[in-house]
Amino acid sequence: MARAGHGWSGAAAAAERGEEEGEDPLDARIARSGCLEQHRQLQECMAERRDWRRCQEQVRAFGACMARQQQQRQ
């Protein structure tokens with residue numbers, strides 16, 4: 001299945017591989033957060049269903065992961 005999602009998916013994949021040239025700051029943050037898998041699952045759901053309301057499980061999982069990372073940094 002082809003990956004689709006927001007325009008940053010290519011940069012997220014590059015960040016996952018350790019490439020930094022032209023890296024989007026948001027994708028770099030996601031990659032460093034440890035939430036890249038949740039982000040990928042959310043992107044795949046959005047590509048398949050084309051409606052964020054039908055991807056609430058993935059939205060919650062990604063949000064919870066990012067919140068945990070934010071709390072750990074404080």
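This is a predicted model: local features need pLDDT of at least 70, side-chain atom pairs count only at pLDDT 80 or more; totals for chains, interfaces and linings use all residues.
**Two helix pairs**

Let's start with helix H3, which covers residues 36–49. How do H3 and H4 pack? Their axes lie 9 Å apart, at an angle of about 155 degrees. Angles over 145 degrees count as roughly antiparallel, so H3 is roughly antiparallel to H4. The crossing in which H3 passes H4 is left-handed.

On the H3 side, the contact is made by Gln38, His39, Gln41, Leu42 and Cys45. On the H4 side, the residues are Gln58, Val59, Ala61, Phe62 and Cys65. Sorted by class, this contact has six nonpolar residues, four polar ones and no charged ones.

Now turn to H2 and H4, whose axes come within 10 Å and cross at roughly 80 degrees. Angles from 65 to 115 degrees count as roughly perpendicular, and H2 and H4 are therefore roughly perpendicular to each other. Here H2 brings Arg29, Ile30, Arg32 and Ser33 to the contact, while H4 brings Phe62, Met66, Gln69, Gln70 and Arg73. The classes in this contact are three nonpolar, three polar and three charged residues.

Here are the two pairs side by side:

| Helix pair | Axis separation | Angle |
|---|---|---|
| H3 and H4 | 9 Å apart | about 155 degrees |
| H2 and H4 | within 10 Å | roughly 80 degrees |

**A closer look at Gln58**

Which residues does Gln58 contact, leaving aside its neighbours within four places in sequence? They are Gln41, Leu42 and Cys45. Take Cys45 as an example: Gln58 and Cys45 are 13 residues apart along the chain, and their C-alpha atoms are separated by 7.6 Å.

**The cavity**

How many cavities of 30 Å³ or more does the model have? The count comes to one. The largest cavity holds about 40 Å³ of space. Its lining is made of Arg29, Ser33, Met66, Gln69, Gln70 and Arg73. The largest share comes from H4, with four residues. By class, the lining of the largest cavity has one nonpolar, three polar and two charged residues.

Arg29 and Ser33 of H2 take part in the contact with H4, and both Arg29 and Ser33 line the largest cavity.

Note on methods. Residues are numbered from 1 along each chain as its sequence is written. Side-chain values use heavy atoms; hydrogens and water are left out. On a 1 Å grid over the protein atoms alone, a cavity is a set of points where a 1.4 Å probe fits but cannot get out, and a pocket is an open set with protein on both sides within 12 Å along at least five of seven lines; lining residues have an atom within 4 Å of a point. Grid points are joined across faces, edges and corners, and a volume is the space filled by probe spheres set on the points. Ala, Val, Leu, Ile, Met, Phe, Trp, Tyr, Cys and Pro count as nonpolar, Asp, Glu, Lys and Arg as charged, and the others, Gly among them, as polar. Axes are lines fitted to C-alpha atoms, for helices over the stretch in contact, and angles run from 0 to 180 degrees between N-to-C directions. Angles under 35 degrees count as roughly parallel, over 145 as roughly antiparallel, 65 to 115 as roughly perpendicular and the rest as oblique. A crossing is left-handed if the near helix is turned anticlockwise from the far one by less than a right angle, and right-handed if clockwise. Contact means heavy atoms within 4.5 Å.
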